[in-house]
Amino acid sequence: MSENEKQKSLTLIISAAIIALAMGLGLNQVGSGFASRSSEGISVTGSARVSATADKAVWTLNAEQVAPTISESVRKVEAATNAVTKYLTDGGVPTDSIELGSVSAYPQEEYSNGNSTGRILNYRGSRTITVRSDDVQLIKKLSNGIGSLLQSGVSVTNYGPQ
């Protein structure tokens, strides 16, 4: 073996030893990280089922009307709100369990090819009505019977009791 070949072999052996040492130190650090993490304990996630019966109900309704003028849409919303309130109180809901939101009205514009023409077609008015009650069965019964209001021409959105 020549001196040049001996030099190359020695360089190769030293390089292999350095790489082996670096890999050994790196794996040791990774192992230490896993070991310290396992000392924190075991984390478990899961689910459970419990049978529950509701003892309170919150029911949200929205009286909504469309009219050619803003004043007429607000007037129609008030009439619809009164009809809904009467339906609720006649059904057995105390007046202090009924909460009326503020009246809002906004214009509905005409659109052509996805662009506003600037022309107002009509005004949509609305008012939120929220019922809070401990009588869950009464609220369920009234919610299921809300179709009678719709049949009489009152436009009301029933978001369902919660």
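Two strands count as paired if DSSP finds at least two bridges between them. Helices (H or I, at least four residues) and strands (E, at least two) are DSSP runs, numbered from the N terminus. The model described here is predicted, so local features need pLDDT of at least 70 and side-chain atom pairs count only at pLDDT 80 or more, while totals for chains, interfaces and linings use all residues. Residues are numbered from 1 along each chain as its sequence is written, and side-chain values use heavy atoms, with hydrogens and water left out.

Strand S1 (residues 57-67) and strand S3 (residues 115-133) run antiparallel and are joined by eleven bridges. Thr 60 has Thr 130 in S3 as its bridge partner.

Contact here means heavy atoms within 4.5 Å.

Which residues of H3 are buried? They are Leu 138, Ile 139, Leu 142 and Ser 143, where buried means under 20% relative accessible area, exposed over 50%, and partly exposed in between (1.4 Å probe, protein chains only). Seen down the axis of H3, these buried residues fall within an arc of 130 degrees, so they line one face of the helix; the arc is that of the directions from the helix axis to the C-beta atoms. The buried residues of H3 pack against S1, H2, S3 and S4. On the other side of H3, Gln 137, Lys 141 and Asn 144 are exposed.

A nonpolar core is a set of buried Ala, Val, Leu, Ile, Met, Phe, Trp, Tyr and Cys residues joined through side-chain atoms within 4.5 Å. The largest one has 19 residues, of which Trp 59, Leu 61, Val 84, Leu 88 and Val 93 touch the most other members. S1, H2, S3 and H3 are the elements that give two or more residues to this core. Leaving aside neighbours within four places in sequence, Val 84 is in contact with Leu 61, Ile 129, Leu 149, Val 154 and Val 156. Thr 81 lies in helix H2 and counts as buried at 1% relative accessibility. Not counting residues up to four places away in sequence, Thr 81 touches Ala 63, Leu 100, Arg 127 and Ile 129.

Charged pairs come last. A salt bridge is a side-chain nitrogen of Lys or Arg within 4 Å of a carboxyl oxygen of Asp or Glu, and by this rule there are seven. One of them joins the side chains of Lys 56 and Asp 134 (3.0 Å, N to O). This pair links distant parts of the chain, 78 residues apart: Lys 56 is in the loop between helix H1 (3-38) and S1, and Asp 134 in the loop between S3 and H3. Lys 56 is exposed at 55% relative accessible area, and Asp 134 is exposed at 54%.
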